[in-house]
Amino acid sequence: MQSKQEYIRNFCIIAHIDHGKSTLADRLLEYTGALTGRKVQEQVLDQMDLERERGITIKLQAVRLAYRARDGREYQLNLIDTPGHVDFSYEVSRSLAACEGALLVVDASQGIEAQTLANVYLALEHDLAIIPVINKIDLPSADPDRVRRELEDVIGLDGAAAVLASAKLGHGVDEILERIVRDISPPGGAPDAPLRALIFDSHYDSYKGVIAYVRVMEGRLAPGMSIRMMAAGGEFEVSELGIFTPALVAVNELRAGEVGFVAAGIKNVKDCRVGDTITNARRPAPEPLPGYRKAKPMVFCGLYPVDGTEFGRLRDALDRLSLNDASLVYEPETSMALGFGFRCGFLGLLHMEIIQERLEREYGLELITTAPSVVYRVTKTNGEVYEIQNPSQLPPAGEIEKMEEPFVLASSMLPQEYIGPVMELCQGRRGVFRNLEYIGPQRVLITYEMPLSEIIYDFFDRLKSSTRGYASLDYDYLGYREARLVRVDILVAGERLDALSIIVHRDKAYERSKLIVEQLRDLIPRHAFEIVIQAAIGQRVIARESIRALRKNVLDKCYGGDVTRKRKLLERQKEGKKRMKQVGSVNIPQEAFMSVLSIGGK
Amino acid sequence: MEIGIYPDDRGPTAAGYARNKMKVGVYLHVPFCRRKCAYCDFVSYPAAAADMDGYVRAVKTEIARRGAAAGAPPMAASLYVGGGTPTVLPVEALVEILDAIRRSFHWPPGLEATVEANPETVHRSDLERLRRSGINRISIGMQAAQDALLAVLGRGHRLDDVREAVRLARRAGFESLNLDLISGIPGQTTDDWRRTLEAALVLEPEHIAAYSLEITPGTALYGRVERGEVVPAPEDRVLEMFHATREVLTCAGYEQYEIANFARPGHACRHNLIYWRNEPYLGFGPAAHSCWQGWRWANERDPATYAAHLDAGGLPVAESEKMDLRTEMAETMFLGLRLRRGVERERFRRRFGRDLDTVYGVEIARLQDQGLLEERDGCLRLTERGLPVANVVFEEFL
């Protein structure tokens with residue numbers, strides 16, 4: 001399946017969640033014979049169960065299709081998948097950089113969404129040819145004309161050029177393939193130049209080591225070649241080259257313009273980061289490809305095993321997951337309340353949830369997750385500046401000169417009737433209004449400058465619920481800004497639950513504290529004694545609740561010698577407590593820790 | 001005041017258990033009732049439709065087969081005939097079964113032998129017959145002194161029937177008599193409960209078992225609660241009644257020797273002590289439970305299935321489990337702590353060959369810190385505060 005450059009087309013699909021990207025990808029595979037019917041489980045591009053359930057793609061992947069076009073020639077089409085969530089925008093930018101064109105899939109009823117828009121802008125920055133596809137035209141609510149106008153008004157594309165399709169029914173697939181061949185330019189890049197290959201994804205395979213997905217921009221890759229990672233610096237020998245059709249096929253060469261994978265006995269994805277450039281160690285390129293950036297975690301939380309003896313297993317599981325995920329960072333942390341665990345950094349909230357779920361699902365770990373926090377910058381009175389990821393690292397109030405927190409530019413696209421509630425929500429979250437722009441007669445794009453901490457705290461759920469699910473959200477990092485922040489500690493029966501400490505804006509401290517202690521009051525079961533729950537800033541208690549003592553808990557019926565039943569009742573009772581954390585003499589259920597994260601969500 | 005139940009009995013040693021030289025409590029389950037009480041989740045079937053002959057034949061077979069399996073007839077430590085309602089069986093049938101027990105077990109003179117009875121099912125001649133055949137203790141289900149509350153429980157008797165039953169039992173020569181009482185009945189006030197206790201005291205029983213009502217899924221009462229027809233007693237009131245029980249009965253000269261059991265000196269129920277000390281017992285009849293030679297088992301619940309196993313030459317065991325040391329120690333703790341005296345350290349050491357603190361030091365220290373356990377006379381026991389929340393303490397030992 002080697003082709004001359006002029007017969008190669010590299011493209012990706014940009015779409016909002018649920019707008020039909022995966023289905024369309026399936027159809028393209030089917031049409032070109034890469035998939036016969038549903039032989040491979042549906043939606044092959046979404047590898048993991050988790051991805052399938054959430055309907056999003058976490059890891060990118062590339063598939064090579066052979067397509068005989070109407071001009072009678074056979075083309076090599078490389079479909080590069082992109083993740084659809086804001087947390088992964090850097091990965092998106094790298095896969096866009098590997099393409100010359102993109103299919104922009106828009107739901108014929110829903111129209112363009114904020115995330116899509118953000119990705120389209122990224123694609124335009126990379127000079128990609130964009131082929132708009134209006135999908136789901138079979139639905140009764142489809143309004144392709146409206147979407148055409150949106151394409152013109154918002155992005156400036158020719159709405160008339162959009163392909164009308166129904167990926168579900170297979171309509172429009174042939175036209176899309178023709179348009180890929182016609183509208184997207186073949187890749188450039190001299191095959192004889194020194195090698196420069198862009199890594200747009202990687203994953204760890206226990207047999208082959210790290211598999212790097214690459215787009216060869218210049219030169220060529222061959223088995224046996226000594227390669228060097230231009231940013232990370234490591235040198236390796238290529239053991240295998242291949243492509244996915246979607247079945248894995250080994251090849252002897254990947255030339256400029258082609259997409260495929262490289263295995264080189266690399267042990268850790270951190271040596272093979274997305275965005276890095278692979279070059280020939282013997283004949284290195286003078287410059288790496290532009291755009292490399294080490295992924296920086298934005299959101300942190302503590303992960304603790306419910307059962308303290310599982311700490312080792314948790315560490316192993318994180319080691320394993322990080323083999324595949326260069327953006328996951330973690331370091332051991334000790335909490336007085338929760339024992340030994342890890343402070344983990346994630347690209348965003350979704351990334352955090354995915355890792356948590358994978359740890360629980362794939363590794364069978366029961367975890368307690370602390371409230372997520374961002375990285376705060378603290379300047380001490382002695383001039384020292386440092387970053388803290390954990391409220392417990394905050395120095396005493398007297399030593400703090402100033403505190404800064406990360407701000408983002410949040411943009412949301414929504415039907416105009418929800419402008420009021422959304423602005424109210426953003427305002428309530430300390431947002432600073434930036435812009436409101438009509439992108440069609442009914443829809444607007446609102447932008448606010450907001451503290452990231454407010455966004456990771458239940459913002460998306462609130463946004464969804466105040467717009468009946470119509471609003472989409474995207475955000476871009478702006479930088480640090482000074483804010484009046486305080487640490488609120490939570491005390492249960494006089495013991496500080498360090499895991500529940502939060503850093504919060506002074507004006508919000510009372511409201512947040514009240515919610516937390518109320519939620520704890522409802523979630524901590526009654527004990528044989530009264531339990532007082534307090535929220536405090538330093539020594540000052542700002543909210544208080546109590547759980548009255550359990551009065552009576554004794555099974556005193558005569559059971560005619562049925563001790564087994566009695567024992568099982570007690571065992572069940574105890575089992576319930578096992579899933580709790582014991583702090584002092586109080587058993588605190590996991591939900592209590594989780595609740596701090598979701599307060600306001602109900 | 002301390003009740004010397006087994007003044008000379010220091011409890012078995014581990015070796016004693018292994019050699020199976022233990023005395024054994026004998027329990028007979030009669031799974032028939034005239035009617036099912038609204039709160040009852042014990043195994044019982046309508047007496048009118050029951051194959052009583054089949055039951056008697058099967059139970060005698062079970063007793064004989066177990067006795068034969070034990071080799072030499074074991075020494076009975078107590079006998080308890082419960083149900084159901086044992087007194088719905090024709091008295092001669094009951095006597096026949098008692099005879100079968102005598103053939104397979106040593107029945108020493110003065111053995112505590114209890115029969116349960118509902119007030120409406122006792123007849124003078126039957127009681128005398130039972131008394132003559134060695135039954136010397138009777139347990140009467142009085143439950144409440146208010147007929148309206150008895151109706152909520154679905155009982156088939158009134159307070160007057162209780163008085164009459166007690167009179168008949170005394171006349172028949174029962175010198176040890178227990179009254180079962182239930183607190184926490186929907187609609188019951190603490191005053192109602194105090195009047196129940198006083199009405200019971202007037203009858204001068206040697207023993208009073210005062211339980212809090214448990215409304216278990218599957219019972220008629222549970223259904224009524226679910227449908228909102230009756231409201232369960234609030235927790236605070238149940239606790240108030242629990243304290244009232246202790247106050248009233250203690251003042252009247254009864255000792256609380258177990259969470260729900262009160263006795264005059266010398267009248268603690270030996271059979272129940274066997275359960276609470278986690279010592280061996282053999283149960284006969286459908287749904288009866290046994291604990292013997294390191295095993296626990298439960299018989300088939302359905303009388304026909306039960307009989308079929310025996311007819312086929314086997315034993316009617318439905319479920320069994322082998323006790324491991326850990327479980328046996330845990331059970332010894334949560335059963336023993338029900339006793340007011342608590343768990344005797346020396347008895348524990350003799351039985352398991354290790355000290356209580358070696359096995360449960362951490363748990364004991366924590367519970368003592370919380371004021372739920374205390375040390376007294378070489379025993380570990382619940383404190384006053386620990387009594388009503390005993391389950392919280394018990395589970396620590398599992």
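This talk walks through a sheet, a helix, the cores and a chain contact in one predicted model.

Housekeeping first. Residues are numbered from 1 along each chain as its sequence is written, and chains are lettered from A, with ligands numbered from 1, in the order in which they are written. As the model is predicted, local features need pLDDT of at least 70 and side-chain atom pairs count only at pLDDT 80 or more, while totals for chains, interfaces and linings use all residues.

Let's start with the sheet in chain A. Helices (H or I, at least four residues) and strands (E, at least two) are DSSP runs, numbered from the N terminus. Two strands pair if DSSP finds at least two bridges between them. The sheet is open, with 8 strands in the order 11-10-16-7-8-15-12-13 and antiparallel pairing. Strand 11 (235-237) and strand 13 (248-250) of chain A sit at the edges; each has a single partner strand, so one side of each is left without a neighbour in the sheet. From one strand to the next, the twist averages 40°. That angle uses axes that are lines fitted to C-alpha atoms, and for helices over the stretch in contact; angles run from 0 to 180 degrees between N-to-C directions.

Now strand 15 of chain A. Is strand 15 of chain A enclosed or open? 5 of the 5 residues of strand 15 (residues 259-263) are buried, so this strand is largely enclosed by the rest of the structure. Buried means 20 or more other C-beta atoms within 10 Å of a residue's own; exposed means 12 or fewer; partly exposed is in between; C-beta atoms are placed from the backbone. Strand 15 of chain A pairs with strand 8 of chain A, antiparallel, over 5 bridges. There, A:Ile211 has A:Ala263 as its bridge partner. Strand 15 of chain A also pairs with strand 12 (residues 240-244) of chain A, antiparallel, over 3 bridges. A:Leu241 stands opposite A:Val262. Further along, strand 7 (residues 196-205) and strand 16 (residues 277-280) of chain A pair antiparallel over 2 bridges. A:Leu198 has A:Thr277 as its bridge partner.

Next, the cores. A nonpolar core is a set of buried Ala, Val, Leu, Ile, Met, Phe, Trp, Tyr and Cys residues joined through C-beta atoms within 7 Å. The largest has 167 residues, and A:Leu104 and A:Val214 are among those that touch the most other members. Strand 8 (residues 209-218) of chain A gives the most to this core, 7 residues. Apart from it lies another core of 121 residues, including B:Tyr55 and B:Leu249.

On to helix 4 of chain A. Its 12 residues (114-125) should span 16 Å at 1.5 Å a residue, and the end C-alpha atoms are 17 Å apart, which agrees. The expected span is 1.5 Å times one less than the number of residues. Among the buried residues of helix 4 of chain A are A:Leu117 and A:Val120. After the helix comes A:Asp127, with a positive phi near 60°.

Last, chain B. It has 15 helices and 17 strands. Of its 398 residues, 49% are buried.
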